[in-house]
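Subject: Handover of a structure

Dear colleague,

Please find below the structure that I am handing over to you. My notes on what was found in it follow.

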Amino acid sequence: MRLDDEHVRICGKGGSVRTVLLDDRGYVALLKLYLARAGYTAGPLFRASINGRGGSLSYDAAHHRWQGYCAAAGVEIDIHQLRQAHATELINAGVSIEAVRRRLGHASTETTQLYALLDDKVTDVEIRAARRRRDQAIH
C-alpha cells in the first residue's frame, strides 16, 4: 500500500472481485499496523484458521466475529447496516451515486438508490442550488 494508492481487493457475492480505495488515513494506518503485527504481505486480510494461515473468512465466520466485536463494544449494528451507513455517508458528502454503486459492487444504480438517504442539510443545499440556477436562467 503506497501513499494515496491504498487499495484492497474485495471478493463479493457470486465470486465477483473488485478493487476499492481506502479513503480514511486513520483506517489505513491501523490496517498497516495490523498487517505488520500479523506478518501478512499477501493474501486475505482476515484469515479463517486459528493460527491465521488459512483462507478468507466465510460470510458466516465474519458475521460471527462482527457480533462478538459489537457485543464487546455494547453496540447493536449488523454488517449490512455498516455498509449502508458508509454508502449514505458518501452520498451525503457529495459522492455520485455512480461512484458509490461501483464502490459497493452493485450491478445497477437502482440498487444503490436505496442508500441515498440524504440528510436535511444536504437536501436543502441541493434545492437552494437548483433554485439559484433556475433564477439565473430566468434573469
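I begin with histidine 106, which touches Arg83, Arg101, Thr111, Thr112 and Tyr115, not counting residues up to four places away in sequence; contact here means heavy atoms within 4.5 Å. Histidine 106 is found in the loop between α4 and α5. With a relative accessibility of 10%, histidine 106 counts as buried. For that term, buried stands for under 20% relative accessible area, exposed for over 50%, and partly exposed for what lies in between, with a 1.4 Å probe and protein chains only.

Please note that this is a predicted model, in which local features need pLDDT of at least 70 and side-chain atom pairs count only at pLDDT 80 or more, while totals for chains, interfaces and linings use all residues. Residues are numbered from 1 along each chain as its sequence is written, and side-chain values use heavy atoms, with hydrogens and water left out.

As to the overall arrangement, the protein has six helices and two strands, in the order β-β-α-α-α-α-α-α along the sequence. Helices (H or I, at least four residues) and strands (E, at least two) are DSSP runs, numbered from the N terminus. Of the 139 residues of the protein, 17% count as buried. Among contacts with a separation of 6 or more, 26% are accounted for by residues 24 or more positions apart.

Helix α4 spans residues 97-104, and Val100, Arg101 and Leu104 are buried in it. These residues cover an arc of only 105° around the axis, which puts them on the same side of α4; the arc is that of the directions from the helix axis to the C-beta atoms. What covers them includes β2 (17-21), α3 (79-92) and α5 (109-113). After α4 comes glycine 105, whose phi is positive, near 80°.

Leucine 104, in helix α4, counts as buried at 6% relative accessibility. Leaving aside its neighbours within four places in sequence, leucine 104 is in contact with Arg18, Arg83, Ala87 and Tyr115. Its C-alpha atom is separated by 9.2 Å from that of glycine 12, 92 residues apart along the chain.

Two packed helices are described by the angle between their axes and the distance between the axes. For α3 and α4, the angle is about 155° and the axes are 9 Å apart. That makes α3 roughly antiparallel to α4. The contact is made by Arg83, His86, Ala87, Leu90 and Ile91 of α3 and by Ile97, Val100, Arg103 and Leu104 of α4. These residues divide into six nonpolar, one polar and two charged. On the terms used here, axes are lines fitted to C-alpha atoms, for helices over the stretch in contact, and angles run from 0 to 180 degrees between N-to-C directions. Angles under 35 degrees count as roughly parallel, over 145 as roughly antiparallel, 65 to 115 as roughly perpendicular and the rest as oblique. Ala, Val, Leu, Ile, Met, Phe, Trp, Tyr, Cys and Pro count as nonpolar, Asp, Glu, Lys and Arg as charged, and the others, Gly among them, as polar.

Finally, aspartate 23 lies in the loop between β2 and α1 (25-38) and counts as partly exposed at 47% relative accessibility. Apart from neighbours within four places in sequence, aspartate 23 is in contact with Leu90 and Arg103. The C-alpha atoms of aspartate 23 and glutamate 6, 17 residues apart along the chain, are separated by 7.8 Å.

With kind regards
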